[in-house]
Amino acid sequence: MQSGPGPVSGVSIIGVEMTNKTLTMNDALYTYLLSVSLRESGILRRLRAETAADAMARMQSAPEQGQFMALLVQLLGARRCLEVGVYTGYSTLWVAQALPPDGRIVACDISEEWTSIARRYWAEAGVADRIDLRLAPALESLQGLIGAGQAGSFDFAFIDADKENYGNYYEAVLQLLRPGGLLAIDNTLWSGDVADPEKQDADTRAIRALNQHVHADRRVTMSLLPVADGLTLALKGQT
Ligand code: SAM
Ligand code: CA
């Protein structure tokens, strides 16, 4: 195993010199982390295994992230959840299994093909009745919820779809959350590309813009966590 955090000297944070205290996660340490923390159900494991054969499998959330979001859902006592970007339904299933029987998650995607895999596993897990899948461009689904008078009614939301729309999703989801509701935004470190000035593709620019926007947004209490590919948490304020 490599030696621990690999401190980087000369990092200046708001004018104060310090070392980077975030651990570099090599494979041995990651395997260890999972061995002493992951509690993935058999059905989640099988869904992960089936998805691994798909060409886009890298889109699936990491298991420890799914487990962490399930913990957040429990911590909030969430009953109404929202997901933007379902793919094969792995993160949806983690959240659905953490909900009480009368809990609901509105899950938004455009892919009939990928979500048909999701539906099979949701049914097998006995949580299909908790999941309201909306197959349409997510912005339309979110606007539809707002139009149906559901603003301010969701406890937890996860944004994990097309990155160019992240700014639009953020504003719509913030309207849909109740005061004290929690938003999780995935891939906010984008494989490190956000910190590489040479990376100027549309997705990277959109994530950078969103990161700056959330950081400056006093409507939320926020934190960007170095979990998996970067996970931003934003808690909607009471006013
Ligand atoms: N949350 C999933 C998980 O953890 O397994 C991964 C979601 S994957 C990164 C992104 C998903 O966003 C894909 O399933 C894709 O079909 C969906 N997507 C892309 N553009 C979309 C749009 N405009 N509206 C709704 N869904 C979209
Ligand atoms: Ca993701």
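In this predicted model, helix α3 passes helix α4 in a right-handed crossing. Two packed helices are described by the angle between their axes and the distance between the axes. Here the axes of α3 (residues 63–76) and α4 (residues 90–98) come within 8 Å. They cross at roughly 30 degrees. From α3, the contact draws on P63, G66, Q67, M69, A70, V73 and Q74. From α4, Y90, S91, W94, V95 and A98 take part. The residues of this contact divide into 8 nonpolar, 4 polar and no charged.

In soluble globular proteins, nonpolar side chains tend to be buried together. The largest nonpolar core of the model has 32 residues. V73, C81, L93, W122 and F156 have the most contacts inside this core. Helix α4 gives the most to the core, with 6 residues. A second, separate core has 29 residues, among them V106, C108, Y166 and Y169. V73, from the largest core, also belongs to the α3 side of the helix contact. Leaving aside neighbours within four places in sequence, V73 is in contact with A78, C81, V95, A98, L99 and F156.

Strands of a sheet pair through backbone hydrogen bonds, either parallel or antiparallel. Strands β6 (residues 154–159) and β7 (residues 177–186) pair in the parallel sense over 5 bridges. Within this pair, A157 stands opposite L183 in β7.

Most residues other than glycine have a negative phi, and most peptide bonds are trans. Y87 has a positive phi, near 55 degrees, and is not a glycine. The residue lies in the loop between β3 and α4. Y87 counts as buried because its relative accessibility is 6%, and the cut-off for buried is under 20%. S191 likewise is not a glycine and has a positive phi, of about 55 degrees. The place of S191 is in the loop between β7 and α8 (202–216). With a relative accessible area of 64%, S191 is exposed.

Methods
Residues are numbered from 1 along each chain as its sequence is written. Chains are lettered from A and ligands numbered from 1 in the order in which they are written. This is a predicted model: local features need pLDDT of at least 70, side-chain atom pairs count only at pLDDT 80 or more; totals for chains, interfaces and linings use all residues. Side-chain values use heavy atoms; hydrogens and water are left out. Axes are lines fitted to C-alpha atoms, for helices over the stretch in contact, and angles run from 0 to 180 degrees between N-to-C directions. Helices (H or I, at least four residues) and strands (E, at least two) are DSSP runs, numbered from the N terminus. A crossing is left-handed if the near helix is turned anticlockwise from the far one by less than a right angle, and right-handed if clockwise. Contact means heavy atoms within 4.5 Å. Ala, Val, Leu, Ile, Met, Phe, Trp, Tyr, Cys and Pro count as nonpolar, Asp, Glu, Lys and Arg as charged, and the others, Gly among them, as polar. A nonpolar core is a set of buried Ala, Val, Leu, Ile, Met, Phe, Trp, Tyr and Cys residues joined through side-chain atoms within 4.5 Å. Buried means under 20% relative accessible area, exposed over 50%, partly exposed in between (1.4 Å probe, protein chains only). Two strands pair if DSSP finds at least two bridges between them.
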